[in-house]
Amino acid sequence: MVKPHARRASVDHLLNEYKVSERRACRLIKFARSSHRYKPLDDPRDEYLRLRIKEIAEVRRRFGYRRIHVMLLREGLKVNHKRVQRIYREEKLSLRTKNRKKRAMHLRVAKEPATQANQRWSMDFVQDEFFNGRKFRTLNIVDDFTRECIVIEVDISLQGVRVARVLDRIAIHRSLPKSIVCDNGPEFAGKALDAWAHSKGITLDFIRPGKPVENAYIESFNGKFRDECLNSEIFLSLKDAQAKIENWREDYNCNRPHSSLGNLTPMEFVEKLLKPA
């Protein structure tokens, strides 16, 4: 079904390009002239809503109107998502998206979903660079059930021994999982991490080579991390990168709503789990 604003735009195109009358243009696309002439009434609440939408979009530059609508609801504003979409478009805040290439379908190996916190984690590396072109890496670890980002370790080089050291540091203040999903990179498949996992009784669940979809939780997180943090910041030094990325991680866990958690943040979801029934 063609939406009214699209039909109204089609009538305007006919009027401007072909110089036909409004009556004839509306008749051609079967659109009532009264609908074409309709002007929405100004709502006094729109001024504040418009300002708030622009403020959220300025801070969270990669949020579309749907996620901005969720943020407004979390602030206690009762507003329809269509109204947010209209203002979002009027302010020309729409995001530029890349067209994804179609890939051949292949059989996916579905993993059993995690049913509790600290049951299964996923981890992966992401690479980026400083303003001068020098590269650095991040080790990202997430909980598959709560979607919490447990740690983002940032350094120039991250080897298998360093990965084991990071996991030992995490074990000081929380329980380690039964299994960790990872790819077949040398840092994960090497002797250092294998010996660590054996000593802790943890299974390293390696995905098949060339099948990142089998590590979907961390791949989804990496996409958000790159889009909302790495691509939005300029990193001057290692300390600068560590500080900015840690601030983003805390915001991701505590303030950013997650659609798969019912628009709760990971921390709110964890608190909900801990509440007595």
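Is Lys 244 buried, partly exposed or exposed, and what is its relative accessible area? Lys 244 is partly exposed, at 24%; buried means under 20% relative accessible area, exposed over 50%, and partly exposed in between (1.4 Å probe, protein chains only). The model is predicted, so local features need pLDDT of at least 70 and side-chain atom pairs count only at pLDDT 80 or more, while totals for chains, interfaces and linings use all residues. Residues are numbered from 1 along each chain as its sequence is written, and side-chain values use heavy atoms, with hydrogens and water left out.

The structure holds 26 salt bridges, each a side-chain nitrogen of Lys or Arg within 4 Å of a carboxyl oxygen of Asp or Glu. Lys 244 forms one with Glu 233 (4.0 Å, N to O). Lys 244 lies in helix H11 (residues 238-254), and Glu 233 in the loop between helix H10 (216-230) and H11; helices are DSSP runs of H or I, at least four residues, and strands are runs of E, at least two, numbered from the N terminus. Glu 233 is partly exposed, at 35%. Lys 244 also forms a salt bridge with Asp 240, at 3.2 Å. Asp 240 is in helix H11 too, 4 residues apart from Lys 244, and is buried at 19%.

Another salt bridge joins Glu 153 and Arg 162, at 2.7 Å. Glu 153 is buried at 9%, and Arg 162 is buried at 19%.

Asp 124, in strand S1 (residues 120-129), is buried yet has no salt bridge. The nearest side chain of opposite charge, Arg 137, is 7.0 Å away.

Definitions and conventions. Lys and Arg count as positive and Asp and Glu as negative; His and the chain ends are not counted.
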